[in-house]
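Please keep the sequence and the model in view while reading.

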Amino acid sequence: MSSNQKSFWTPGNILTAFILAGGLVLTVLRFTQGIGAVTNLDDNNPWGVWIGFDLLCGVALAAGGYVTSASCYLFGLKKYHSAVRPAITTAFLGYFFVVIALLYDLGHPWRLPYPLVWSQGTTSLLFEVGLCVATYVTVLFVEWSPAALEWLGFRKIRNFVIKLTLPLTILGVVLSTMHQSSLGALFVIAPGKLHPLWYSSFLPVFFFMSSMVAGASMVIFEGALTHKGLHHKMDKTHLEEAEGVAFGMAKAASFILLGYFFIKMFDITMDNDWHYLATGYGALFMVEMLGFVALPAFLYALGVREKNLTMVRVASVFGVLGIVFNRFNVSMLAFNWQLPASERYFPHWMEIGISIFIVTLIVTTYRFIATKMPVLYEHPEYKDAH
Amino acid sequence: MHRRKFLSLLGGAGLASAMGVTKSQAASGHSFNGYPDAMGVLHDSTRCIGCRKCEEACYQVNDLPKPEKEFKDLTVLDTKRRTDAKTYTVVNKYNTAGLEHPIFRKQQCNHCMEPACASACFVKAFTKNSDGSVTYNGDLCVGCRYCMIACPFSVPTFEYDDAFDPLIQKCTMCHPRIQEGKLPGCVEICPKEALTFGRREDLLGIARDRIRKYPDRYVKHIYGEHEAGGTNWLYLSGVPHTELGQIEVGKTSAPELTSGALGAVPMVVGIWPVLLTGAYAISKRKEKIAQEEKAEAVRATRESAQEEAEAALKAAMDKATKDKAAAVEREVKKAVAEAEKAFEEKLAAAQAPAGEADTGAGESPEEEA
């Protein structure tokens, strides 16, 4: 791109530049005028899209990192090897920008390290989330660093980091299990506020299971996207393995979604919440369960059986949207459900603007990394990565 | 076994299990019944006249910014209000079916015995004091507002309009005044004794007495006795509390709600690495076995191929030896025949004058061969 100045101002790049410029303006507004000036948050609704989307969805959709690296290195599914680097890269960027996005939502962003170094509130599930995310973003950085080190030509450090792969992968799964589930557990403290169809003492389990689906779906979904935009950057191995990766992930996602569907049903039965299904919230719940759990489970299964890549990719879109829908339901739509409509929350356009800005930052950084560094291909001088 | 020894063993077991119970209960918050001398306030909505004096006292005591409308202005009560960063307490008016007069209820922090805000705060910015009050330290606060999500009564408020030092604000039960031996501002000013300050235990007694003496005047429920694990503010009412906007929050305290999820943490940290290393070892072993099997198959194939080749070579060699022997024999015979022939020719040449009988004699040795 940079070598050819004429082709730099493509429609995509113009849009990116426009969003980034707008985001900077909103950023200045947020940090000089306060949270109240750019959001519709209030005393009844302290958490909006910045938590519901940037944090909850961001972390879930970055789960591809631990799902892929665990499949490849721990469970010996070597055919996923070419998918590990793109997945780790996305996960690292995902988590890094989750932290960046969080700074917008915090009243005292510069105090973010407080729970780690100054005053530990160990009874809080948010403490667990904070500790795990802080550690995991570091782990992901180290796991991702070989791509940058190969690009920069730091052979010795790179070889040392490669040796850490196994312990880092195990640590990654441990940390992911804990914070993915803790994000759900955050809401266990508020039984009076979250609608009974979503409230459960098993929220941590639901969040963890669905994060695996999110990870698998994102690997397929991003795969489809990068094949469109960055096909020329992929080596023969990556291209040959890509289909197998998609089908493998689809198969796993199908099974997990099916299991998820059943444990959700068990949960509704155990709490005897069936009568809520006849209400408006029941309809919302049914849309989630049938449209974004059962349907993708079925499409994934069918796609794998028929070896139909298009169907698997369609299913992954439903999987990704389903995670977003679920996290929105838990944190916003079904939260404060007993409040009258006038006291409910709807995001301010500037809140959404900041979220779009953050997503654009992630995509732009990914494009930069994937064009410069050996992510979608193996560096010719380092063929031992297997 | 001696009876005494048996009993002491039993006692030991009992003690151990009792300790075990204490430990697990501490983790789940079961055993905490509040500080013994914790104070509280009893609000009797059958006595409250909605004069807003308590609001005014709160504003003066806490040095809060002046509201738009005067505290004397009772039209404010016509719209439902909630506490915010500039208002620690509000009185709301409720018109309930079957009653001619409205009912007023005061709202503020309920000062839970096991506060959800304190349990949820990841920097320990909230403190449950032994006097029953829950106070907040703004110097630690990160501003994540998880306390607001966690509070079952939606009490903590946030200074959304402050860009540089936005803090959580809520009623402190006049903790500094209690320390000085004074009453909370709202209690002190209340002209109708709708608010009673005292030890929580005593307040429960007073509330029960009132319900017993005037069964027609009160519903048999002290809101706050068990709500959210018990609160230091208690409420009496003549109508169901839900009609005064006091939602059903359940008896479970915040620490009890989250103990399961928190308790799972050490298990994940302990068990996952073991299982995952196991999974890694299994996949490695599978790989190793697969490699060994492959190597074995290669070796077997190579061996059989070699055997075949050797056999073929041997056969070829044998054949070659045979052929060679035959060729040698043939050559020898040929040479012998030639030598004989030459000898006979010589002989014939010597006997030539003897006549033409040589041709017949020359043929006979060839027939013999």
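A polar contact is a pair of N or O atoms within 3.5 Å; within protein, one must be able to donate a hydrogen and the other to accept it, and residues adjacent in sequence count only if both atoms are side-chain atoms. Between chain B and chain A, 30 residue pairs are in polar contact, both residues being at pLDDT 80 or more. The model is a predicted one, in which local features need pLDDT of at least 70 and side-chain atom pairs count only at pLDDT 80 or more, while totals for chains, interfaces and linings use all residues. Residues are numbered from 1 along each chain as its sequence is written, chains are lettered from A and ligands numbered from 1 in the order in which they are written, and side-chain values use heavy atoms, with hydrogens and water left out.

The interface may be described further by its residues and its area. Chain B contributes 55 residues to the contact and chain A contributes 56 residues, contact meaning heavy atoms within 4.5 Å. The size of an interface is often given as the accessible area lost when the parts come together. Here the buried area (the accessible area, with a 1.4 Å probe, that two parts lose on being put together, summed over both) is about 4700 Å², and carbon and sulfur atoms give 63% of that area. On the side of chain B, the residues that lose the most area to chain A are Phe122(B), Ile149(B) and Tyr160(B), which together account for 16% of what that side buries.

Side chains of opposite charge can pair when their charged atoms come close. A salt bridge is counted when a side-chain nitrogen of Lys or Arg is within 4 Å of a carboxyl oxygen of Asp or Glu. Two salt bridges are found across the interface of chain B and chain A. Glu343(A) forms a salt bridge with Lys80(B), with the closest N and O atoms 3.5 Å apart. The elements that give two or more residues to the side of chain B that touches chain A are α3 (116–120), α4 (146–150), β6 (157–158) and α8 (254–351) of chain B; helices (H or I, at least four residues) and strands (E, at least two) are DSSP runs, numbered from the N terminus. Of the elements on this side, α8(B) gives the most, with 16 residues.

Asp105(A) forms a salt bridge with Arg145(B), and their closest N and O atoms are 2.9 Å apart. This pair crosses between chains, from helix α5 of chain A, which holds Asp105(A), to the loop between β5 (134–136) and α4 of chain B, which holds Arg145(B). Asp105(A) is buried, at a relative accessible area of 1%, and Arg145(B) is buried, also at 1%; buried means under 20% relative accessible area, exposed over 50%, and partly exposed in between (1.4 Å probe, protein chains only).

Over all chains, the count comes to 20 salt bridges. Within chain B, Arg208(B) and Glu225(B) form a salt bridge, with the closest N and O atoms 2.7 Å apart. That pair links distant parts of the chain, 17 residues apart: Arg208(B) is in helix α7 (residues 200–213), and Glu225(B) is in the loop between α7 and β9 (233–236) of chain B. Arg208(B) is partly exposed, with a relative accessible area of 40%. Glu303(B) forms a salt bridge with Arg299(B), the closest N and O atoms being 2.7 Å apart. Because these two residues are four residues apart in helix α8 of chain B, about one helical turn separates Glu303(B) and Arg299(B). In chain A, a network of salt bridges links Arg85(A), Glu150(A) and Arg158(A).

How many disulfides are there over all chains? The count is zero, a disulfide being a pair of cysteine sulfur atoms within 2.5 Å. The sulfur of Cys132(A) is 16 Å from the closest cysteine sulfur, in Cys144(B), and therefore too far for a bond. Cys174(B) is in no disulfide either, the nearest cysteine sulfur, that of Cys186(B), being 6.1 Å away. Cys132(A) is buried, at 3% relative accessible area, and Cys174(B) counts as buried at 10%.

Helix α14 (residues 349–372) of chain A has 24 residues, so at 1.5 Å a residue it should span 34 Å, in agreement with the 34 Å between its end C-alpha atoms; the expected span is 1.5 Å times one less than the number of residues. Its buried residues include Met350(A), Phe357(A) and Tyr366(A). The buried residues of α14(A) pack against several helices of chain A, among them α1 (11–33), α5 (81–105) and α10 (203–229).
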